[in-house]
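Reader: I would like a close look at a single part of this model, followed by an account of how the surrounding chain is put together. Please take it step by step.

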Amino acid sequence: MISLNHYMFLSAILFCIGVFGVLTRRNAIGILISIELILNAANINLVAFQRYLGTPDGLGQIFALFVVAIAAAGSVVGLVLVIAIYRNGKNIFVDNFNLMKW
Amino acid sequence: MAQFIPLFPFLAFVINIFFGKRLNQASAWVSIVASGMAMLVSIQTFFEQQAHQNGSIVLGEWLSLYGVPLKFGVTVDALSVMMLLVVTIVATLIKIYSVGYMHGDPRYSRYFAYISLFTASMLGLVLADNFILLYIFWEGVGLCSYLLIAFWFERPAAAKAGLKAFITTRIGDTGFLIGIFLLLSLTHSLRFSDLAHVNVAGNETFFMVAALLIFFGAVGKSAQFPLHVWLPDAMEGPTAISALIHAATMVAAGVYLVARTFPLFLANPAALEFVGIIGGISALMAASIATVNNDIKRVLAYSTVSQLGLMMLGLGVGGYAAGTFHLMTHAFFKALLFLCAGSVIHAVHSQDIRTMGGLFAKMKITGMTFIIGALALAGVPPLAGFWSKDEILLSAYHGHQGLFMVAVLTSFLTAFYMARLIFLVLFGKPRSDISHAHESPVSMTFPLIVLSVFAIFVGLIGSPLAGHAFQAFILPHEGAHEVEINSMIMWLSVLIALTGIVLAFLVYMKGLKLPAFGGLYRLLLNKYYVDEIYQEIFVKPALAVCRGAFGFDFRFIDGIVNGTASCVQRLSAIFRPLQTGLVQNYLLFQVVGIIIFILILGGLCFRF
């Protein structure tokens with residue numbers, strides 16, 4: 001029997017993997033993918049809490065759908081930035097790109 | 001079993017997209033075997049449907065919101081079974097053909113991945129039992145058509161054509177989606193089975209708007225006027241793809257949608273008539289353009305627009321069986337024609353029919369099958385096109401006099417341009433050096449032969465000779481299905497087809513000079529200037545607005561921003577050293593901060 005804890009544990013693992021990825025990846029696309037992992041970890045929580053704690057009809061699902069939609073918009077902005085970075089430096093390693101200071 | 005049919009090609013897509021590079025040549029066979037299996041299951045489904053009548057399998061519930069559950073499932077009835085058979089048979093043959101046609105392409109496995117996804121989407125679309133599921137696959141079909149039309153994206157024309165197809169059909173899709181939501185709010189149901197007993201009383205206007213919006217989606221997908229502009233440009237894709245798009249998948253989806261939602265149109269006579277009129281306009285307009293075009297594939301493309309128009313016309317005058325029958329026969333002979341055109345292009349490396357001629361001697365199999373396909377399309381008995389076109393003419397004759405005239409004129413033009421194509425490509429003296437032309441490999445000629453067998457015989461199942469078996473199959477509830485046999489219409493149909501062919505023979509083989517149609521000719525050659533009109537009405541104003549917005553943004557908004565920035569710049573000098581410029585550094589600070597915060601919070605909680 002899968003309990004709420006299982007979902008939360010899965011979500012926590014996914015979140016940690018995501019955070020680790022964001023902090024350690026050099027590749028900008030990799031960072032974007034890791035951010036998606038973090039968001040989906042949150043989504044799992046939302047849907048699981050709705051299922052197990054009996055929140056009103058559909059709230060958690062709707063929230064998760066919102067997150068998915070907004071994540072899509074976020075990824076678009078992220079990819080635009082990646083293209084901009086690529087045009088500037090001919091690569092997408094974020095540690096090569098430290099021009100955004102002072 | 002029916003719900004597993006789309007899974008076979010989808011599995012082939014997954015395999016090819018992930019392991020295609022390693023599979024290399026074998027990727028084609030993965031794809032062919034998958035659609036072959038889908039075909040076998042479809043045949044089995046057909047017999048099942050014949051035995052136990054219609055079935056609908058609910059697979060699950062997607063979302064339940066405030067009492068309206070969105071269920072999804074598959075529907076198995078005469079219409080979907082017919083489409084399943086057509087799609088799987090044609091797709092399998094086209095994939096076999098592609099083995100030869102795409103040989104040596106650098107993205108060989110990618111091609112077979114896309115074409116498998118295309119097939120899977122179309123099969124899912126056909127099986128869907130509600131609007132939402134259909135719309136999902138509808139978009140899947142749109143995506144695949146984009147990927148495949150722009151398959152040779154190194155060529156700017158191909159990339160643009162893919163984009164054009166995607167955007168143009170998207171305009172229709174937007175209307176379709178609004179129509180779906182309107183229908184949901186009116187009937188509180190999205191299942192097709194509920195359309196049959198929909199009650200329009202009191203809400204006629206809204207139901208009509210919903211029907212028209214749904215039809216607008218079909219207009220985009222089936223390349224009907226005014227959204228037909230993408231289809232001729234879609235010829236930039238590989239020819240096998242053109243065959244698939246034009247025969248079994250993409251454009252058939254629009255006609256299928258109208259047939260699937262037919263009860264909704266029957267309840268709105270005005271909307272139904274509109275379907276017929278749009279079909280009539282498309283049929284006549286595209287047929288007339290096809291008579292002057294010089295690109296072998298574009299002639300066929302306009303022919304498709306025209307034939308789809310005829311199907312819409314047939315549906316629009318209430319000929320449900322006629323429209324769907326033509327959809328089926330057309331799938332076979334149009335696939336055949338495109339594959340023949342591909343074979344010709346493969347041999348002469350040109351698409352301009354003015355540079356061809358005399359190819360029959362060089363390519364006997366392609367030539368023979370090409371002639372069979374052309375005769376079927378022209379409506380010469382007893383080939384497939386004759387019977388189905390005859391049904392449409394008959395429906396129109398009873399339904400709408402004006403549209404009947406349009407259908408007759410379209411049939412005449414169809415016979416004329418197909419005969420023109422045959423005479424210019426296959427016969428006469430070669431107009432360029434064709435000594436290097438040779439017959440295509442077996443993998444390409446085999447599908448041609450199979451399809452030409454279909455093109456000859458598939459029409460018979462809906463003919464009076466077989467007691468209108470197809471009509472009884474697609475409309476089982478009509479009871480003793482009395483389809484009349486109108487010999488007057490049949491003779492007229494034969495007569496106009498032969499007139500068209502003879503006229504083309506006289507003009508293109510015997511050098512008969514037609515009276516000069518200078519202005520009309522230029523109008524047709526420029527496709528009624530529809531692209532240019534769209535350029536002027538939509539593209540240029542949009543660009544002008546964009547330029548204005550850019551200027552405002554550049555001068556005013558940027559001015560404010562830059563002014564603010566220069567103020568802040570001076571202040572910020574104080575905090576500069578904290579910034580390293582590396583985004584991951586900042587993230588690290590953030591994560592460490594959060595962890596410390598949580599630790600403090602946790603410590604406080606435990607203390608108290």
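In which helix of chain B is the place of B:Gly162?

Author: The model is a predicted one, and in it B:Gly162 has its place in helix α6 of chain B, a helix that covers residues 156–187. B:Gly162 is buried, because 24 other C-beta atoms lie within 10 Å, where the threshold for that label is 20 or more. Leaving aside residues up to four places away in sequence, B:Gly162 touches B:Tyr146, B:Ile149 and B:Ala150. For a sense of distance along the chain, B:Asn562 is 400 residues from B:Gly162, and the C-alpha atoms of the two are separated by 40 Å.

B:Leu375 lies in helix α15 of chain B, and B:Leu375 counts as buried because it has 24 C-beta neighbours inside 10 Å. When residues up to four places away in sequence are not counted, B:Leu375 touches B:Val380 and B:Leu383. Between B:Leu375 and B:Val275 there are 28 Å in space, C-alpha to C-alpha, for a separation of 100 residues in sequence.

The axes of α14(B), residues 320–348, and α15(B), residues 364–378, come within 9 Å and cross at roughly 145°, and the crossing in which α14(B) passes α15(B) is left-handed. On the side of α14(B) the contact is made by B:Phe333, B:Leu336, B:Leu337, B:Cys340, B:Ser343 and B:Val344, while α15(B) contributes B:Thr366, B:Thr369, B:Phe370, B:Gly373, B:Ala374, B:Ala376 and B:Leu377. Sorted by class, the residues of this contact are 9 nonpolar and 4 polar, with no charged ones.

Another helix pair in chain B is α3(B), residues 78–101, with α9(B), residues 239–247, whose axes come within 9 Å and cross at roughly 170°. The crossing angle therefore makes α3(B) roughly antiparallel to α9(B), a label that applies to angles over 145 degrees. The residues of α3(B) in this contact are B:Val90, B:Ala91, B:Ile94, B:Tyr97, B:Ser98 and B:Tyr101, and those of α9(B) are B:Thr239, B:Ala240, B:Ala243, B:Leu244 and B:Ala247. The contact of α3(B) with α9(B) holds 9 nonpolar and 2 polar residues and no charged residues.

Turning to the chain as a whole, the secondary structure of chain B consists of 23 helices and 2 strands. Its radius of gyration is 28 Å, close to the 25 Å that the globule rule gives for 608 residues, so chain B is as compact as a globular protein of that length. The C-alpha trace of chain B spans about 95 × 60 × 50 Å along its principal axes, and 50% of the 608 residues of the chain count as buried. Among the contacts in chain B with a separation of 6 or more, 81% are accounted for by residues 24 or more positions apart.

Finally, chain B meets chain A in a contact that takes 13 residues from chain B and 13 residues from chain A. On the side of chain B that touches chain A, β1 (55–65) and α23 (583–607) of chain B each supply at least two residues, and α23(B) gives the most, with 5 residues. The residues of this side of chain B divide into 8 nonpolar, 4 polar and 1 charged.

How values were computed: Residues are numbered from 1 along each chain as its sequence is written. Chains are lettered from A and ligands numbered from 1 in the order in which they are written. This is a predicted model: local features need pLDDT of at least 70, side-chain atom pairs count only at pLDDT 80 or more; totals for chains, interfaces and linings use all residues. Axes are lines fitted to C-alpha atoms, for helices over the stretch in contact, and angles run from 0 to 180 degrees between N-to-C directions. Helices (H or I, at least four residues) and strands (E, at least two) are DSSP runs, numbered from the N terminus. A crossing is left-handed if the near helix is turned anticlockwise from the far one by less than a right angle, and right-handed if clockwise. Two residues are in contact if their C-beta atoms, placed from the backbone, lie within 7 Å. Ala, Val, Leu, Ile, Met, Phe, Trp, Tyr, Cys and Pro count as nonpolar, Asp, Glu, Lys and Arg as charged, and the others, Gly among them, as polar. Angles under 35 degrees count as roughly parallel, over 145 as roughly antiparallel, 65 to 115 as roughly perpendicular and the rest as oblique. The radius of gyration is taken over C-alpha atoms; the globule rule is 2.2 Å times the number of residues to the power 0.38. A residue is buried if 20 or more other C-beta atoms lie within 10 Å of its own, exposed if 12 or fewer, and partly exposed in between; C-beta atoms are placed from the backbone.
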